[in-house]
Amino acid sequence: MVKVDFKDLDLEETRAWVEKIGLETYRAKQIRRWIFGRQAESFEEMTNISKELRKYLKSFFMISQLKIAKTEISLDGTRKFLFELQDGNVIESVLIPERDHYTACISSQVGCAMGCRFCLTGRQGLARNLKSSEIINQVVQIRQTMDHPDELTNVVFMGMGEPLANYEAVKRAVKNMISPDALNFSRRRVTLSTCGLAPEIERLGRELPINLAVSLNAADDKTRSLLMPINRRYPLKKLTETLKRFPLPRGGRVTFEYVLIEDVNDRLSDAENLAKLLKNIKAKINLIPFNLCNGTPFKTPDEGSILAFQDKLVRKNLTVTIRRSKGSDISAACGQLRSCWMS
Ligand code: SAH
Ligand code: SF4
């Protein structure tokens with residue numbers, strides 16, 4: 001019999017399972033507190049559950065873990081983790097030190113099918129979706145390596161893959177991140193970044209409103225379609241109309257990521273178009289200077305152009321930050337994840 005992985009279940013599903021094998025409903029939360037709260041790796045650790053019951057549970061269920069195949073530490077403290085999955089595939093996650101907390105940047109797929117021209121993960125193509133357990137285990141296991149696990153307060157889906165193309169698994173993993181009986185993150189500190197799958201953005205807004213980031217990267221359809229093929233399916237008008245309806249908390253905003261690429265989208269006229277496009281959206285903009293990746297024709301703009309682009313937007317009253325990539329010495333920066341360490 002194939003055993004069910006507790007890390008693949010949300011609270012309701014865990015309840016349904018424990019009831020199905022004849023146990024009281026409260027056992028669901030009890031088990032989840034062990035697994036997510038105290039990071040139990042085996043049933044033996046669950047000391048407030050009798051030996052017989054532990055044995056019984058073990059006959060139906062398992063608690064999965066990923067194999068940490070390699071870790072690398074950057075000069076700036078960023079840590080990159082290479083996780084090996086059961087089937088031998090590998091994914092990457094990054095732990096980023098911020099001023100007063102840590103952020104885990106996690107993957108949702110092995111590779112990505114979206115084919116954005118500037119992104120190494122995109123060039124690799126899609127191998128497969130991750131299971132919920134493989135998504136949540138990145139957070140659980142990164143946290144286990146930390147001296148002060150409480151300092152991990154933020155999670156961003158900005159690693160490998162398009163999270164909304166793996167909707168069900170991502171949703172279940174997010175539920176376990178924010179559930180008080182599981183990892184108990186604040187839902188506003190879990191950010192999903194998407195290339196712009198409009199119907200799934202709509203669905204996320206209805207079912208599980210968390211913090212949203214959109215990889216925009218261009219403010220006109222011609223340039224965006226060139227960089228991001230998904231734009232042909234969901235062009236800017238459709239995307240921005242969907243985003244206007246996305247439920248935000250009071251004072252909340254959608255983050256727009258904009259990878260600045262020399263002579264492609266970094267002109268001042270691009271900044272003007274961007275300001276126009278975002279006019280009626282509660283937005284903040286995150287400029288990401290293009291991180292060099294071999295095999296693409298693109299270049300990083302010089303510092304002067306980056307600052308001029310930012311300045312133009314600031315003058316239009318937009319909130320704009322520049323993301324100074326961390327971990328680039330260990331290829332942990334945005335767009336550099338691709339799991340090729342093994343080769
Ligand atoms: N698929 C989702 C989540 C991955 S996030 C998405 O695209 O939003 C990856 C982020 O890194 C995206 O914002 C993308 O625009 C950015 N990125 C990709 N390649 C990059 C590169 N070479 N330099 C800088 N940023 C890059
Ligand atoms: Fe996929 Fe995002 Fe990379 Fe595009 S930018 S290929 S959607 S991971």
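1. A quick word on terms before the tour: helices (H or I, at least four residues) and strands (E, at least two) are DSSP runs, numbered from the N terminus. This is a predicted model, in which local features need pLDDT of at least 70, side-chain atom pairs count only at pLDDT 80 or more, and totals for chains, interfaces and linings use all residues. Residues are numbered from 1 along each chain as its sequence is written, chains are lettered from A and ligands numbered from 1 in the order in which they are written, and side-chain values use heavy atoms, with hydrogens and water left out.

2. Let's start with ligand 1. Strands S10 (190-194) and S12 (254-260) each give at least two residues to its shell, where a residue belongs if one of its heavy atoms lies within 4 Å of the ligand. The shell has 19 residues, and the closest are Phe118, Gly161, Ser193, Ser215 and Asn291. By class, 9 are nonpolar, 8 polar and 2 charged; here Ala, Val, Leu, Ile, Met, Phe, Trp, Tyr, Cys and Pro count as nonpolar, Asp, Glu, Lys and Arg as charged, and the others, Gly among them, as polar.

3. The atom pairs at ligand 1 deserve a look. A polar side-chain atom of Ser193 sits 2.7 Å from a ligand oxygen atom. On the nitrogen side, a backbone N or O atom of Phe118 is 3.0 Å from a nitrogen atom of ligand 1, and a backbone N or O atom of Asn291 is 2.8 Å from a nitrogen atom of ligand 1. Taken alone, ligand 1 exposes 540 Å², of which the protein buries 95% (Shrake-Rupley method, 1.4 Å probe).

4. Ligand 2 has its own surroundings: Cys112, Met114, Gly115, Cys116, Cys119, Gly122, Gly161 and Cys195. That shell divides into 5 nonpolar and 3 polar residues, with no charged ones.

5. On to helix H5, residues 132-144. Its 13 residues reach 18 Å from first C-alpha to last, close to the 18 Å expected at 1.5 Å a residue (1.5 Å times one less than the number of residues). H5 is mostly covered, with 12 of its 13 residues buried, including Glu134 and Arg143; buried means under 20% relative accessible area (1.4 Å probe, protein chains only).

6. Finally, Asn154, which lies in strand S9 (residues 152-157). Why does Asn154 count as buried? Because its relative accessibility is 16%. Leaving out residues up to four places away in sequence, Asn154 touches His101, Tyr102, Thr103, Ala104, Phe185 and Arg189 (heavy atoms within 4.5 Å).

Note on methods
Polar contact = N/O pair within 3.5 Å; in protein donor to acceptor, adjacent residues only side chain to side chain. Buried < 20%, exposed > 50% of the residue type's maximum accessible area, 1.4 Å probe, protein only.
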